[in-house]
Amino acid sequence: MERRRILFLFLIFLFLLVPSVVMAAEKPIQILIDGKVVLSDAPPIMTNTSRVIVPVRVISENLGYYVTYDSKKKEVNIVSGQDRIRFVLNQATLWKNGTKIALDVAPISKNGRSFLPIRAISENFGAHVKWDASTQSVAIDTKVDTVVPPSETGNEQNGQEQTTDKPTDTKEEPSPVDETTNDETNQKPDQENQNDPSQLEEIAPSNELQTIVQDGTSLIIETKETEFTHKLIELNQPNRLVIDLEGMILSPNLKSPEIAENELFSAVRYSQFQLNPDQVRIVVDLKKKVDYSIEKRDNLLILQMKPKVFKVVIDAGHGGKDPGTSGVSGTREKDFNLAVALLVNTLYQNNQEIQVIMTRDSDTYPTLDERVELANSLGADLFISIHANAMTGKPDVSGTETYYTHEESRFFAQLIHPYLVEATGFNDRGIRTAGFRVIKYTTMPAVLLESGYLSNSGDEAALFTPETQQRIAQAIFKAINEYFGIKEA
Ligand SMILES: [Zn+2]
C-alpha cells in the first residue's frame, strides 16, 4: 500500500512538473511590434544573467531601419533617419551619433545573428520596449515614442543629454541612466530564480501622460491617474526647465502641445526618457531665465512661469564715519560712490527684470560684513561695489581698475571693465584680482570698481562732474543688462 501510494504520488508529481518545465524551456520568446507578432528564425534569448536580448536585424528592420554588419570588425551599423547607431559585438558600448553610451550587457552573436539587450533598444532606437513575463514576449511599441516639435533632434529623447551637453552644465544635469548602477544590475536574484525574468523585468503599471496644455505662460500637464512623483530641474546654457515624471509613460494619444507666441518659452518637448523604471521627461525651452513654481493637484501638474527678477546689490563704498580716500582738492570718496550708486538705482526705477538693492542710500556706514550679509541673505545674483582709488605721493597715477576675487566673478569683471573705461575715459589699468572683503565673502559674482584716482587731479575733477558720474552709472547699467541678457527698452 505504502509503496504504491508513494509511486502514485511520484507519478502525479512527474505529470505535473515535467511538461511545464519542458514547455517553459522550449517556448520561444515572442516579439510583438505594435501588437503584431513578428516572425523570426532567431527568437529573443534569456541570458544566464536574466536579461532578455533580442536579434537586432529583426527588430530594426521591422522598425524600418537599415542595418549593416562588418564581419571583420564585428561591427553593426544601424541607420535610422538622422540617427547613426554603431556597436561592436562583445563590447558593452554603443555609439549613437558619435556619443558613447554604456550598455549593461554586451551585444553578442548567436547562430549568425547579433543580439542586443532590450534596454539598449528602448533607449536608443526610439521605441517603447517592454518585457512581459506572463506571456514570455517582448512588446515593442513604436507609436508611444513622440518627440516635439518634429524638427527637434531632442537630446533628451534617449537619455544622452548629459554626455552631449557642455561640461559646465553637467553638474546640474539630472542623473542620467546609469547603466552600471541601475535597477537591474543592483538586483541579485537568488540561485533558483536566476532564470526567472519576471524578477528583473516585471513592470508595475505606470501612470500615463495624457496632455500638455499651454495657458499663457503656464503649462498644465495632465496624467491619467493621480499617483506620480515629479522633479523639476533648472538648466542653463541654454536655459530650460526639465520636469521628470517617475512611474510615467507617454499616452499613445498624446499630441504635441501647440505653443503660442510668448515671452518666456519657445518649445515644450517630451520623451519616454527611460523604461523600467518608466520615466517621462518634459523639457521647456526657455527664451530667458524665469521664476517658476510647480504644483501638483490630483492628476494635474501646473507649472507657472514669470520673467525672473534678478537681484543686484549696488554697494556705495564707505559712508558715514568712513569717508574713504580723499581727493587732492578735498573731495571725499564716499560722496562720489553714493552719487553713482544712486544714479544706477534710478536707472532701474521702473525695471521689471532687475531689482536693485542698495547697501546704503545716504551717508551712513554699514560695516563690510553687513554689506556681505545683506547680499548673501538675499541670494543676490550680482554684487557691484563702487569706489575710487588713491595713491599717496604719486599724483600722476590715473586710471580705471576692476577687481574680482573668485573665478565665478571673472566673467562679469571682463564684461563691465571696458564699459567702465569707456565711461571714465581714463587709462585702462586692467582687470585685477584682490581679496577685498565685500567681493571675497559674497557668494555671488561680485566686482569692485575703482573708477579713477582721487589722488590725481584730472581724475578727481572728472569723477565729480555729473556727466562722468552719469556715464559711469550707464556703463554699470549696460553691463548688468548684458550680463542678464536683458534688452534695454
Ligand atoms: Zn574705496
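**A zinc site and its surroundings in a predicted model**

Guide: In sequence, the residues that donate to the zinc ion follow the spacing H-x14-E-x53-H. The pair of histidines links distant parts of the chain, since His-318 sits in the loop between strand 23 (310–316) and helix 8 (333–347), whereas His-387 belongs to strand 25 (residues 382–389), 69 residues apart. Helices (DSSP H or I, at least four residues) and strands (DSSP E, at least two) are numbered from the N terminus.

Visitor: On what conventions does this predicted model rest?

Guide: Residues are numbered from 1 along each chain as its sequence is written, and side-chain values use heavy atoms, with hydrogens and water left out. The model is predicted, so local features need pLDDT of at least 70 and side-chain atom pairs count only at pLDDT 80 or more, while totals for chains, interfaces and linings use all residues.

Visitor: Which atoms coordinate the zinc ion, and at what distances?

Guide: They are NE2 of His-318, two OE atoms of Glu-333 and ND1 of His-387, at 2.1 to 2.7 Å.

Visitor: What makes the arrangement of the four donor atoms irregular?

Guide: The angles they subtend run from 52 to 140°. Four donors are tetrahedral only if all angles lie between 85 and 135 degrees; four are square planar, and six octahedral, if opposite donors are over 155 degrees apart and all others between 65 and 115; anything else is irregular.

Visitor: Why are His-318 and His-387 called buried?

Guide: Buried means under 20% relative accessible area, exposed means over 50%, and partly exposed lies in between (1.4 Å probe, protein chains only). His-318 has 19% and His-387 has 10%, so both values fall under the 20% limit. His-318 also has a phi near 60°, a positive value in a residue other than glycine.

Visitor: Where is Asn-90, and why does this residue count as exposed?

Guide: Asn-90 is found in the loop between strand 7 (83–88) and strand 8 (93–96). Its relative accessibility is 53%, which is over 50%, and so Asn-90 counts as exposed. The phi of Asn-90 is positive, about 65°, although the residue is not a glycine.

Visitor: What joins the side chains of Arg-269 and Asp-285?

Guide: A polar contact of 2.8 Å joins them. The term covers a pair of N or O atoms within 3.5 Å, and within protein one atom must be able to donate a hydrogen and the other to accept it, while residues adjacent in sequence count only if both atoms are side-chain atoms. Arg-269 lies in strand 19 (residues 265–274), and with a relative accessible area of 7% it is buried.

Visitor: Which residues does Lys-287 touch beyond four places in sequence?

Guide: Contact means heavy atoms within 4.5 Å, and Lys-287 touches Glu-261, Asn-262, Glu-263, Leu-264, Phe-265 and Ser-266. A polar contact of 2.9 Å joins the side chains of Lys-287 and Glu-261, and the backbone oxygen of Asn-262 lies 2.6 Å from a polar atom of the Lys-287 side chain.

Visitor: How many helices and strands does the chain have?

Guide: There are 13 helices and 28 strands, and buried residues make up 46% of the 489 residues. Among contacts between residues at least 6 apart in sequence, 65% join residues at least 24 apart.

How values were computed
Donors = N, O, S within 2.8 Å, 3.2 Å for Na, K, Ca; no water.
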